Amino acid sequence: MSAFARALYRVRGPLYYCAALVLIVGVLLGLVLDGGAADRVRSALMGVAAVVALGCAALAVLGPRLLTTRSPRTVHSPVQGRWLAINSPASAVPSHGVRAYGQAYAVDLISDPLENPRPIFGGPRAMPPASDYPALGQPVLAMIDGVVVRASHWRRDHRARANNAGVAYMMAEGMLREVGGPGFIVGNHVTIRGDDGIYALVAHLQQGSVTVSPGERVTAGQQIGRCGNSGNTSEPHVHAQLMDRASLWTAQGVPLAFAGIRTTPESAPLDGVPENGQHLLARHLSTAERGA
């Protein structure tokens, strides 16, 4: 029974979207149908869809209890330099508040160099250009050795959302992005399949910056794109996650640890993830260092 429940939990997203679509279409058809056989079919389908939607909601709450615990997979940092961690799995799981799209253990990294501080949230401009932020255009690196299975780079980089009004707009916009599916949430992205079957995804890449194609083999630390502001974002940053499948619709998140990072200049190198508000200080690791 638990295996069946886990299978249902994995496909809860697509089931919920299908149920929501049936309910929306049913409501619209109800405006023109007037009690005939077609209207009775509509009502029956809406009843089934409502039950499915409620079941998916229950699975979203109860399903995580059925998941097996994995040990963190140590990977190369997707960025170099000084980056601020937010929405970190070191502070809370699921790190982004939900487990959808395989992001239970995802982390967001924001470039925060000492010599070029990022703009402070809460300024007078609700939507400043993404070019105001030092993260835009910074190199993004492959986290693992493997084969590229997805590479998207056509979505535009939008303006930042830099105060409460901008965030309110982003939340409304995010609901519309959800209708389009996970591709409109993660924006431009690259997904790599590791030799051990784990998939590594970096998201919100800059439009036109992706340098790899599906089927191409890459090595950890290789540049695969640049940081952008595509998808559901408030400012340019890198979203990094590991998952057990390529499809964002059905993937489960996998814990990760970045190899050889520091959280302060004085701290010893460690394999881990910074907590919310901590900095990740990373440099490129050689092949010998990664294999040590």
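## Salt bridges, buried spots and a greasy patch

Aspartate 112 pairs with arginine 82 in a salt bridge, with 3.4 Å between the closest N and O atoms. Aspartate 112 sits in the loop between strand E3 (107-111) and strand E4 (139-141), while arginine 82 belongs to strand E2, so the bridge ties together parts 30 residues apart in sequence. On the aspartate 112 side the pair is buried, at 13% relative accessibility; arginine 82, at 25%, is partly exposed. Bear in mind that this is a predicted model.

The salt bridges in the model come to nine. Another one joins the side chains of arginine 10 and aspartate 244, at 2.9 Å from N to O. Arginine 10 is in helix H1 and aspartate 244 is in the loop between E10 and strand E11 (253-254), so this bridge ties together parts that are 234 residues apart in sequence. Both arginine 10 and aspartate 244 are buried.

Then there is aspartate 195 with arginine 217, whose closest N and O atoms are 2.8 Å apart. This pair links distant parts of the chain, 22 residues apart: aspartate 195 is in the loop between strand E6 (189-194) and strand E7 (199-203), and arginine 217 is in strand E8. Aspartate 195 is exposed at 57% relative accessibility, and arginine 217 is partly exposed at 47%. Elsewhere, Arg161, Glu173 and Arg177 are joined in a network of salt bridges.

Here are the three pairs side by side.

| Salt bridge | N to O distance |
|---|---|
| Aspartate 112 – arginine 82 | 3.4 Å |
| Arginine 10 – aspartate 244 | 2.9 Å |
| Aspartate 195 – arginine 217 | 2.8 Å |

Now for two buried polar residues. Glutamine 241 is part of strand E10 (residues 238-243) and is buried, with a relative accessible area of 2%. A polar atom of its side chain lies 3.2 Å from the backbone oxygen of glycine 102. Beyond its sequence neighbours within four places, glutamine 241 has contacts that include Tyr101, Gln103, Met143, Tyr199 and Leu256.

Serine 77 is in the loop between strand E1 (73-75) and strand E2 (81-86), and its relative accessible area of 3% makes it buried. The side chain of serine 77 reaches the backbone oxygen of valine 79 at 2.8 Å. Once neighbours within four places in sequence are set aside, serine 77 touches Leu141, Phe258, Ile261, Leu280 and Ala282.

Glycine 221 is a loop residue too, placed between strand E8 (217-218) and strand E9 (223-226). Glycine 221 is buried at 11% relative accessibility.

On to the helices. Buried residues in H3 are Asp39, Arg42, Met46, Ala49, Ala53, Cys56 and Leu59. An α-helix has 3.6 residues a turn, so residues three or four places apart point the same way. The cover over the buried residues of H3 includes helix H1 (2-10) and H2.

What makes up the nonpolar surface patch of about 700 Å²? Leu21, Ile24, Val25, Leu28, Leu29, Leu31 and Val32 make it. One of these, leucine 31, lies in the loop between helix H2 (12-30) and helix H3 (37-62). Leucine 31 counts as exposed, at 69% relative accessibility.

How values were computed. Residues numbered from 1 in each chain as written. Predicted model: local features only at pLDDT ≥ 70, side-chain atom pairs only at ≥ 80, totals over all residues. Heavy atoms only, no water. Helix = DSSP H or I, 4+ residues; strand = E, 2+ residues; numbered from the N terminus. Buried < 20%, exposed > 50% of the residue type's maximum accessible area, 1.4 Å probe, protein only. Polar contact = N/O pair within 3.5 Å; in protein donor to acceptor, adjacent residues only side chain to side chain. Contact = heavy atoms within 4.5 Å. Patch = residues over 30% accessible without salt bridge, like charges linked within 9 Å, V, L, I, M, F, W, Y side chains within 5 Å. Areas by Shrake-Rupley, 256 points an atom, 1.4 Å probe, with all protein chains shown as cover. Salt bridge = Lys/Arg side-chain N within 4 Å of Asp/Glu carboxyl O.
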